[in-house]
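Please look over the sequence and the structure shown below.

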Amino acid sequence: MIADTWHLFNKYMKISMRMPLWSLFSLVQPLLWLFIFGSLFQNFAHLPGFPTDSYIDYFVPGVVIMTVLFGSSWSGVSLLREISAGTVDKMLVSPASRSSIVLSLVLHSAVQVVAQTLIVLLAAWMLGSSLNVNPIYILLAMLVVLLLGVAFAAISNGLAIMLQREEPLIIMGNMMTLPLMFFSTAMVPKQFMPEWIQYIAMINPVEYAVSSVRAVLVGEVDLVVYSSGLIAILVFAIATLAWAISAFKGLRD
Amino acid sequence: MIRITGLSKTYASGTKAVIDLNLTIEEGEIFALLGPNGAGKSSAIKILTTLSGFDNGQAMVAGYNVDSEPNKVRQSIGYVAQETGVDYFLTGRENMKLQGHLYRMTKQDIISRIDELSSYFDLVKPLDDLVSSYSGGMRRKLDIAMALIHRPKVIFLDEPTLGLDTKSRHSLWKYIEKLNTELGLTILLTTHYLEEADSLSHRVAIIDAGQIKIIDTPETLKSNIHGDVVSLEFAENTNSTDELSWELKQQDFVKDTVWENAKLHLYVNNGAESIPKIVTFTNKNNVELKNISFSRPTLDDVFIQYTGNSLDGNKEEAGEQWWEKWAGKGGGGKWSNKWNEAEKDSPNSVENEPKPDEDWKKWQSSEKNTTENTSGKSSGNNDWKKWQNNGNNDTKWP
C-alpha cells in the first residue's frame, strides 16, 4: 500500500510540477485577503483587549488556514477528472491497493498546500508582520497545515464520490469553507465574538488549526495550546480520511 | 479461459445490466460481444475485470473466481476501457512505468517491458512526449500497451476503436490480430461496429438488452441467412417495372422480391450467377437499369434477425453514463437516480457522445456509390471484398 501510494503520489506531483501556474492560481485569493483584510481591519488592533499590536500579525495564521481550505477542498475535482478520464479504472483493474488511490490524492493536495502556505508566510513577512521566524516553529505550523490539508482534501474526495459531479462539489466546498472560516478566530478574536459563535468555534476544527498555528507563529509561543489543537486536528484528519477511503471502497463492491 | 454461468446484475437505479449470462471463452480465442450502446456489453466487461460487482451467478477468469479472488484475476488480465485510461499530463513512458509499478513489477522488468511494447506498437519515437500531444490512434495503442505491461493472459477491449478514423481503426485491428496470433492472447472485445466483429473475432455473441441472443462464428451466423440480395434501380422513364418484378418472381432462382420505394430487392441463392439472368430479363422487357448491385448478408442482417432491431438505429445510451458504470452495487445509486432525473430535464447536457459512427457510415455510403455505379459488370475480387465489408445499408430485409 505504501509503495502504491508513493508511485501515485509521484505521478500527481509530476503533473503539478508541470503546471506550476495552476498551483499558484489558488494562492491569489489568500494573498488578496491578506492584503485587503490586513488593511481594512488595521485599526482593530487599537481596540482595547486586542491580543496583538498590529492586525496583520493577528491575521496571518488566519490567512494560512484559509490557504489550506481553498487549496485542499479542490482535491475531489481531480478525482472526478481521473474517473471520467478512465485512469481510476485503470488503477482499479490493477492489484494496486484501493486505499492508496485516495491516500495519494489527499497527500498530494496536502503537500501542495504546505508549499502554498510557505509562500503566504513569505508574503506576510514582506508586508511587515512580525512572526516567529524560527524554523522549528514554522515546521510545527506546517505540521498543522499538512494535517488540516489531509482532512479537507479527504472531505473533498469523499464528497466527490458521493456527489459524483463537479458543480455540486464546488458549491459544497464553498458552503463548507467560508462559514468554517468565519466561525473561527481567523479574523476576529474570541472575546469580540457573540457567545453563540464562540460555542460553534469550540467544535470547529478550523478554529483548532488557527489557534495552534497562532500559538507558535505569533507572539509568545504556547505549546499547550498548540499541542491540544494538533491532537484535535490529527483526530479530525484520521476520521475524515477513513471516511473518504471507505466511501471510495464502498462504491465498487 | 473465461467462464460465466447465470450472471445477472441490476444497477441500483433498477436498470438491468445483464440478465442470466452464460458464456465460455476458450484460450487463444478472439471473442466479440456485439450489440448496440446500452446492451450490457460494458457492464459484462466491468464485472469480468472486477470493476463492478454482480448479483447472481459465477464468473471465472483465467482460472480464478472474479468474486472471491479479485486480486488474482487482476494480475492475469489487461483491460482497455472505452474512455482511454492514459493520463494526458504524463509522457507515454511515465504512463507505462506507473502501470508497471501498480502491478508490482521490478524496475528492471518494467524498463525492458517498455522497450518491448513501445517497439511492438511503434511508439518508440513519441515515448517521451506528453500524451496530450498524441493522436487518438496513438493513445489507444499506448492504452493497449499499458494493459499488456504485466504479461496478462487475457485482455479485455471495451470498444477499442470507438472514435477512431478508418485508417487508425484498420491499423489497430492488425495489432489486435497480431496479439492473438503471435502472442496467443485471449481477447474479449466489445463493439457496436459490425465490421469489427466480423473481421476480428473468431466467435461473436450478439447481445441486446442484457441478454445474449446467439453465439457463433461470424461465418456461420451469416450463412444462416441464406443467399444474396440483388438490388435494382431503374432509369426514371421506365414503366414496365411492375411486370418485370412479377416475371422475376416466377423464376426459380429468385426466392422473393421486395420493393423499397423505387428500389427492387431480389433475394437469390447466388448473386453472382443471377445478375446476368436478371439483366437478360430487363433487356427482354425493355426496362432500363440505372444501377444493379448485390451484397452478401452481413452481421447487420443477422443482428436484425435475432434482435428485431438494426444496429444502425443506435439506441439511447441507457444506463451507461459513467457514474452508473462506475458505481457498483454498493453506493451511488440513490444519487445517480437523482442525476438521471435531472438529466432528462436538460436536453443538451452530457450528450457529447462522439458519433464516429455516422462519419463512418457516410464514408461507407459514398464509397459504395462509386463502386456500385459500375452497373453490375465488373465484380473483380477486390470490389467484391469491398462490397462485402461495406455492408448493405440501404438494403432492408423484410
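**Sheets, a helix and aromatic rings**

Q: Which residue of β10(B) is the bridge partner of Val204(B)?
A: This is a predicted model, in which local features need pLDDT of at least 70, side-chain atom pairs count only at pLDDT 80 or more, and totals for chains, interfaces and linings use all residues, while side-chain values use heavy atoms, without hydrogens and water. Residues are numbered from 1 along each chain as its sequence is written, and chains are lettered from A and ligands numbered from 1 in the order in which they are written. Strand β9 (residues 203–208) of chain B runs antiparallel to β10(B) and is joined to it by 5 bridges; two strands pair if DSSP finds at least two bridges between them, and strands (E, at least two residues) and helices (H or I, at least four) are DSSP runs numbered from the N terminus. In β10(B), the partner of Val204(B) is Asp216(B).

Q: Which strands stand at the edges of the sheet of 6 strands in chain B?
A: This open sheet has mixed pairing and the order β6-β7-β8-β3-β9-β10 (chain B). An edge strand here has a single partner strand, so one side of it is left without a neighbour in the sheet. The strands in that position are β6 (77–80) and β10 (211–216) of chain B.

Q: What angle does the direction of α1(B) make with that of β8(B)?
A: Helix α1 (residues 41–48) of chain B packs on this sheet and touches β3 (30–34), β6, β7 (154–158), β8 (186–191) and β9 of chain B; contact means heavy atoms within 4.5 Å. Axes are lines fitted to C-alpha atoms, for helices over the stretch in contact, and angles run from 0 to 180 degrees between N-to-C directions. For α1(B) and β8(B), the angle is about 150°.

Q: Which strands stand at the edges of the sheet of 4 strands in chain B?
A: The order in this open sheet is β2-β1-β4-β5 (chain B), with antiparallel pairing. Each edge strand has a single partner strand, so one of its sides lacks a neighbour in the sheet. These edge strands are β2 (16–25) and β5 (64–65) of chain B.

Q: Within what arc do the buried residues of α10(B) fall?
A: Helix α10 (residues 271–284) of chain B has 14 residues, and its buried ones (under 20% relative accessible area with a 1.4 Å probe, protein chains only; exposed is over 50%, partly exposed in between) are Gly271(B), Ser274(B), Ile275(B), Ile278(B), Phe281(B) and Thr282(B). Seen down the axis, they line one face of the helix, because the directions to them fall within one arc, taken from the helix axis to the C-beta atoms. On the other side, Glu273(B), Asn283(B) and Lys284(B) are exposed.

Q: How many residues of β14(B) are buried?
A: β14 (289–295) of chain B is among the elements that cover the buried residues of α10(B), and it pairs with β11(B) in the antiparallel sense over 6 bridges. Since β14(B) is largely enclosed by the rest of the structure, the count of its 7 residues that are buried is 5.

Q: What is the angle between the ring planes of Phe50(A) and Tyr55(A)?
A: The structure holds 18 aromatic pairs over all chains; rings of Phe, Tyr and Trp (its six-membered ring) pair if their centres lie within 6.5 Å, with planes under 30 degrees apart counted as stacked, over 60 as edge-to-face and the rest as tilted. The ring centres of Phe50(A) and Tyr55(A) are 6.0 Å apart. Phe50(A) is buried at 9% relative accessible area, and Tyr55(A) at 2%. The pair is tilted because the angle between the planes is 45°.

Terms used. The expected span of a helix is 1.5 Å times one less than its number of residues.
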